[in-house]
2 protein chains.
Amino acid sequence: MTEPKTPDTAPPAGSVRKHGRDGKSNATIYDIAKMAGVNASTVSRALSKPGRVSSKTQKLIEDAAARLNYQVNPFARALPTGKTNTFGLIVADITNPTFFDIIRGAETTATGRDYTLVLAESAESPETELTAARRLMATVDGLILASPRMDDDNIRALAQDKPVVVINREVAGVPCVVPDVNKGISEAVRSLAANGHTRIAYVAGPPQSWMSERRWEGVQAACEWSRLEAVRLESGKPTVDGGRQTARDVRASGATAVLTYNDLIAIGLMQELQAAGMVVPDQISIVGFDDIFGADFTTPPLTTVRSPLGECGEAAATRLLDLLHGSGEPAGTLSVETELVLRGSSGRILPAK
Amino acid sequence: MTEPKTPDTAPPAGSVRKHGRDGKSNATIYDIAKMAGVNASTVSRALSKPGRVSSKTQKLIEDAAARLNYQVNPFARALPTGKTNTFGLIVADITNPTFFDIIRGAETTATGRDYTLVLAESAESPETELTAARRLMATVDGLILASPRMDDDNIRALAQDKPVVVINREVAGVPCVVPDVNKGISEAVRSLAANGHTRIAYVAGPPQSWMSERRWEGVQAACEWSRLEAVRLESGKPTVDGGRQTARDVRASGATAVLTYNDLIAIGLMQELQAAGMVVPDQISIVGFDDIFGADFTTPPLTTVRSPLGECGEAAATRLLDLLHGSGEPAGTLSVETELVLRGSSGRILPAK
DNA sequence: GTCGTTTTGTCAACCGGTTGCCATAAATTG
DNA sequence: CAATTTATGGCAACCGGTTGACAAAACGAC
C-alpha cells in the first residue's frame with residue numbers, strides 16, 4: 001500500500017533457498033500495533049483477553065493481524081505465563097500396540113482442544129521414564145503417564161509440580177483412569193466355566209505392572225465365584241516372544257484354559273501351542289487382554305477382555321485439560337468398563353478323538 | 001549455609017498440595033550467579049559455550065547449579081535463539097500400524113540426540129495436515145512428514161521456513177527418505193512367477209498416495225520383466241475393511257496372485273476370501289506391503305514386501321538433525337532397501353482337486 | 001618495567017509477549 | 001452541568017535466558 005515492496009514472488013523455481021529470512025512469518029504484536037495505531041499492550045489484550053478492548057479497536061487489530069498473517073510466538077507467551085498449551089504423554093513402549101489407541105485418544109482430544117501432544121517413551125525402564133518425565137515437565141502444562149513403571153512416590157512428586165493423570169494404574173492422591181477389569185474377567189471366566197473348564201491358568205505380566213496384579217486378583221475372584229481352580233504362571237516379557245516361551249509352562253500346568261496378561265502373550269502362546277500341534281480351542285482355550293490391533297488376525301481370532309484404551313486416552317486427556325482449566329477433581333480414580341470379546345480362541349474342550 | 005531455610009522437608013504425607021509454588025524447581029541463572037559470585041551472563045556462557053570461561057569459574061558455577069538443581073527454562077532459551085530442541089512428526093493416521101515403527105524410530109533418535117518429539121496426525125486429510133504442520137512449525141526446529149497427503153508445493157513452502165524431511169514420498173527440492181520398492185517387488189514377482197502364476201493383480205491404495213503409484217509401477221515393470229500379466233484394481237480405504245471389499249473384484253479379475261498396496265488390505269482380503277471358502281495360498285496367493293505389526297498373526301502368515309519403516313523414521317530424524325546442525329545434504333532422496341518376506345500366504349496354485 | 005595480545009568477565013540490549021497500575025475519555029448519575 | 005463511575009488504552013516492568021561490545025586482568029615478549 002505504501003511501498004511496492006516486491007511482494008514475495010514465487011521463489012526461483014527449482015532452487016530451494018536456505019531457511020529463515022525469506023520465509024519470515026514473524027510479525028510481532030509491535031508490527032500490528034504500529035499498523036493499527038495502538039499500543040502493543042492493547043494488541044496483546046485484544047488477542048488474548050476477549051472484551052477487554054472496544055469492538056472497533058478489536059476489529060482494527062484483528063484486521064492488521066490478518067493482513068500481517070500474525071501468529072503468536074508461543075515461547076514469548078510461555079515465558080511470562082508459564083503456559084504452553086502442550087501436554088506430555090509417556091508410554092512404556094511405543095511399539096506395544098496397547099498404547100496406540102491411548103496415544104490416538106489423547107492426541108485427538110489434545111488437538112480438539114487446541115493443545116499439542118508431546119510423546120515420549122520409557123522403554124519399560126523406571127529410570128528412563130523418570131528422566132523423560134522430568135524433561136517433559138519443563139515444557140508442558142501437564143503430563144499423562146500410561147502404565148507407568150516408576151514408583152508411586154515419584155509419581156506423586158511429579159504431580160505436585162504440575163497436573164498429572166495416570167492411566168492403567170491407581171496412585172493415591174493422583175487422578176487416574178483405570179479399566180475396571182472385573183466385569184470383563186467375570187464374563188470371561190463364566191464363559192469358560194460354561195464351556196466346562198475347571199482349571200484356569202493366568203499368565204502374569206511384568207512384576208512392576210500394577211495392572212497385572214489387578215488382573216490376577218480378578219481372575220482369582222472370578223474363579224472362586226465360579227468354583228474353578230486358578231493357577232498363576234509367570235511370563236518373561238509381555239510380548240509375543242514372551243508368550244511363546246510360556247507354552248511349556250502352560251502345558252505343564254494342566255489347565256484347559258488360559259488367560260494371559262495381554263494379547264501379545266496370548267498370541268505368542270497360541271502360535272507356539274499350534275506349532276506343537278495343539279488345536280485351539282478344541283484342546284485349549286486362550287483369552288487375552290486389551291483387544292489390541294491385530295487380535296482378530298489370528299486363526300482362530302482371539303477371544304479377549306477388551307479395555308477401551310482409546311477411551312482411556314481420551315478420558316485422561318480430558319481430565320488433564322479440565323484440571324488445567326481449574327475444573328475437574330484434583331484426584332480420584334475414573335473407572336472405565338471392560339468387556340469380553342468372544343471370538344474363536346475359546347470354547348468347549350473336545351474329548352480327544 | 002547462610003540461613004536455616006527450612007529445607008524442603010517431606011510434604012505433609014497423604015495430602016497432595018496444589019501445584020506451583022512449593023514444587024518450585026525454578027532456580028534461574030541469576031540465582032546461580034549470586035551464589036557463585038559472578039554475573040548472570042557468565043553463568044549463561046559457562047552453561048552453553050564450553051571453554052568460554054576459566055575452568056575454575058566453570059566449576060564454581062556448575063557446583064552452584066547442581067546445588068540449586070537448576071534446569072534451563074526452555075522458553076527463555078528459545079525466545080532469543082529460536083531453537084527449541086524439538087521437532088515435529090506428522091503422520092497420516094496414528095492408528096495405522098505402518099506408522100508405529102516410523103514413530104518409534106524417530107522418537108528413539110530424537111531422545112538419543114537430546115531432542116523432543118512432538119507428534120501430530122492428519123487423519124488422512126490434506127487440510128488437517130497442513131493446519132497441523134503450520135501449528136507445529138511455530139514450536140519446533142524442524143518437521144518430519146510421514147506419507148504426507150498435502151501437495152508438493154505446500155511441502156516446499158514449509159521446507160522454506162524450517163528444515164523438513166519427507167518419508168515415503170519424493171518431493172523435488174526437499175530431503176526425502178523413501179523405500180526403494182523395486183528390489184522387494186521383483187523378488188516377490190519372481191517368486192510368484194516361479195510358482196507358476198501368470199496373471200497378477202495389484203490392489204491400489206488411496207489416489208493421493210504417491211507410494212501406491214510407485215508400487216504399481218514396480219509391479220508393472222517386474223511383471224513385464226517376468227512376462228506376466230499385471231492388472232490393476234482399486235480399493236476404497238487402505239484398511240482391513242477396504243481389503244475385504246475388494247475381494248469381489250479380485251475374484252472377478254481372474255488373477256491367481258495379488259499384491260496389495262499394504263498389509264492391511266492384504267489381511268482384509270485374505271479374511272474375506274477365506275470366509276468365502278477359498279484356500280490361501282492353494283487357490284490364490286496374497287502378498288502385502290510393509291510387514292506391519294501383526295502381519296505374521298494370520299493363518300497363513302502373510303507374505304509381504306517389507307519396508308524398513310523403523311529405519312525410515314530413524315534416517316529421517318537423523319537427516320533432520322544433521323540439517324539442523326548445519327551438516328547433511330539440503331535435499332535429495334535417500335533410498336532404503338525393501339525385501340521380500342516370504343511367509344505362508346503365497347505359493348504354488350494347487351490344481352482344483 | 002612497558003607495551004601488545006589474549007583471556008575472562010561485565011554491561012546492557014534484546015527476544016516477544018503479558019499484566020498491574022495509572023491516566024484519560026466516555027458514559028452514567030444526581 | 002458537575003460529580004462519579006466505568007470503559008479503554010498507554011506505560012513500563014517483567015519472564016529467563018543469549019550475545020555483541022567492551023573493560024579489566026593476566027600473560028608474554030622485549
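Q: Where is Pro281(B) found?
A: Pro281(B) sits in the loop between α12 (263–275) and β9 (285–290) of chain B. Helices (H or I, at least four residues) and strands (E, at least two) are DSSP runs, numbered from the N terminus.

Q: What should I know about the model and the numbering?
A: This is a predicted model: local features need pLDDT of at least 70, side-chain atom pairs count only at pLDDT 80 or more, and totals for chains, interfaces and linings use all residues. Residues are numbered from 1 along each chain as its sequence is written, chains are lettered from A and ligands numbered from 1 in the order in which they are written, and side-chain values use heavy atoms, with hydrogens and water left out.

Q: Back to that proline. Is the peptide bond from Val280(B) to Pro281(B) cis or trans?
A: Cis, with omega near 5°.

Q: And in chain A, what joins Thr299(A) and Pro300(A)?
A: A cis peptide bond, with omega about -10°. Pro300(A) lies in the loop between β9 (285–290) and β10 (303–306) of chain A.

Q: What is the phi of Asp114(A)?
A: Positive, about 65°, although Asp114(A) is not a glycine. Its place is the loop between α5 (98–112) and β2 (116–121) of chain A.

Q: New topic. How do the axes of α5 and α13 of chain B cross?
A: Helix α5 (residues 98–112) and helix α13 (residues 309–324) of chain B come within 7 Å and cross at roughly 40°. Axes are lines fitted to C-alpha atoms, for helices over the stretch in contact, and angles run from 0 to 180 degrees between N-to-C directions. Therefore α5(B) and α13(B) are oblique to each other. Angles under 35 degrees count as roughly parallel, over 145 as roughly antiparallel, 65 to 115 as roughly perpendicular and the rest as oblique.

Q: Which residues in α5(B) meet α13(B)?
A: Thr98(B), Asp101(B), Ile102(B), Gly105(B), Ala106(B) and Thr109(B). Their partners in α13(B) include Leu309(B), Gly313(B) and Leu321(B). Contact means heavy atoms within 4.5 Å.

Q: What does Trp210(A) touch?
A: Asn168(A), Arg169(A), Glu170(A) and Val178(A), not counting residues up to four places away in sequence. Trp210(A) belongs to helix α9 (residues 210–225) of chain A. Its C-alpha is 8.0 Å from that of Ser147(A), 63 residues apart along the chain.

Q: Last one. What superposes chain B on chain A?
A: A rotation of 180° with 0.1 Å of shift along its axis, RMSD 0.1 Å. The two copies are thus related as by a two-fold rotation axis. Superposition is by least squares on the C-alpha atoms of residues with pLDDT of at least 70 in both copies.

Q: Through what do the copies meet?
A: The same surface, because 100% of the interface residues of chain B are also interface residues in chain A.
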